[in-house]
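Please look through the sequence and the model shown here before reading on, and keep the viewer open while you follow the text.

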Amino acid sequence: QVQLVESGGGLVQAGGSLRLSCVASARFFTSYIIHWFRQAPGKEREFVAAISWSGTTAYYADSVKGRFTISRDNIKNTGYLQMNGLKPEDTAVYYCAASVKLSYENDSDYWGRGTQVTVSS
């Protein structure tokens, strides 16, 4: 069983930055690909970014490319999502997910409870 706890969300003005963190309880953290998803009010949850177990390969949704950066620290069992140039349309609950396979769908093995990100215009 893997427990994931997100933090770092909050209220920020458009153009601002936030860094989300995802701490995992996994004994074998490097076995998992870390994903970030988000769900805006009234919308389905969507893929944002993912990073390979080694941290050498990252995947991004087109809507966040060039603005968001995903990373991980395998010593600290923590994944990160650096969000720059935030836009009001980035407002959502952001979820961390861990899975042994890369997935762009809502079928990762483990999920956190989410952290709210609100971007004001």
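The paragraphs that follow go from the strands and the core to the charged pairs and then to the aromatic rings.

This is a predicted model, in which local features need pLDDT of at least 70 and side-chain atom pairs count only at pLDDT 80 or more, while totals for chains, interfaces and linings use all residues. Residues are numbered from 1 along each chain as its sequence is written, and side-chain values use heavy atoms, with hydrogens and water left out.

Strand 7 and strand 8 form a hairpin with four residues between them, and in the turn Asn-77 has a positive phi of about 55 degrees.

Ser-21, which is found in strand 3, counts as buried at 14% relative accessibility. Leaving aside neighbours within four places in sequence, Ser-21 is in contact (heavy atoms within 4.5 Å) with residues including Val-5, Glu-6, Trp-36 and Tyr-80.

The largest nonpolar core has 34 residues, and those with the most contacts inside it are Trp-36, Val-48, Phe-68, Leu-81, Met-83 and Tyr-94. Such a core is a set of buried Ala, Val, Leu, Ile, Met, Phe, Trp, Tyr and Cys residues joined through side-chain atoms within 4.5 Å. The elements that give two or more residues to this core are strand 3, strand 4 (33-39), strand 5 (46-51), strand 7, strand 8, strand 9 and strand 11 (115-120). Leu-81 illustrates how these parts meet: leaving aside its neighbours within four places in sequence, it is in contact with residues among them Leu-18, Leu-20, Trp-36, Val-48, Phe-68, Ile-70 and Tyr-94.

Turning to the charged residues, side chains of opposite charge can pair when their charged atoms come close. The structure holds four salt bridges, each being a side-chain nitrogen of Lys or Arg within 4 Å of a carboxyl oxygen of Asp or Glu. Arg-67 forms a salt bridge with Asp-90, the closest N and O atoms being 2.7 Å apart. Arg-38, Glu-46, Arg-67 and Asp-90 are linked in a network of salt bridges. Asp-62 and Lys-65 meet through their side chains in a salt bridge of 3.2 Å, N to O, and Asp-62 is exposed, with a relative accessible area of 64%.

A search of the whole structure finds four aromatic pairs. Rings of Phe, Tyr and Trp (its six-membered ring) pair if their centres lie within 6.5 Å, with planes under 30 degrees apart counted as stacked, over 60 as edge-to-face and the rest as tilted. Tyr-32 and Tyr-110 form an edge-to-face pair, 5.9 Å centre to centre with 80 degrees between the planes. This pair links distant parts of the chain, with Tyr-32 in the loop between strand 3 and strand 4 and Tyr-110 in strand 10 (residues 110-111), 78 residues apart. The rings of Phe-47 and Tyr-104 have their centres 4.6 Å apart and their planes at 75 degrees, so this pair is edge-to-face. Ring pairs link Phe-37, Phe-47, Tyr-104 and Trp-111 into a cluster. The charged end of Arg-45 sits over the ring of Trp-111, 3.9 Å from its centre, the criterion being NZ of Lys or CZ of Arg within 6 Å of the ring centre and within 35 degrees of the ring normal.

Conventions. Buried means under 20% relative accessible area, exposed over 50%, partly exposed in between (1.4 Å probe, protein chains only). Two strands pair if DSSP finds at least two bridges between them.
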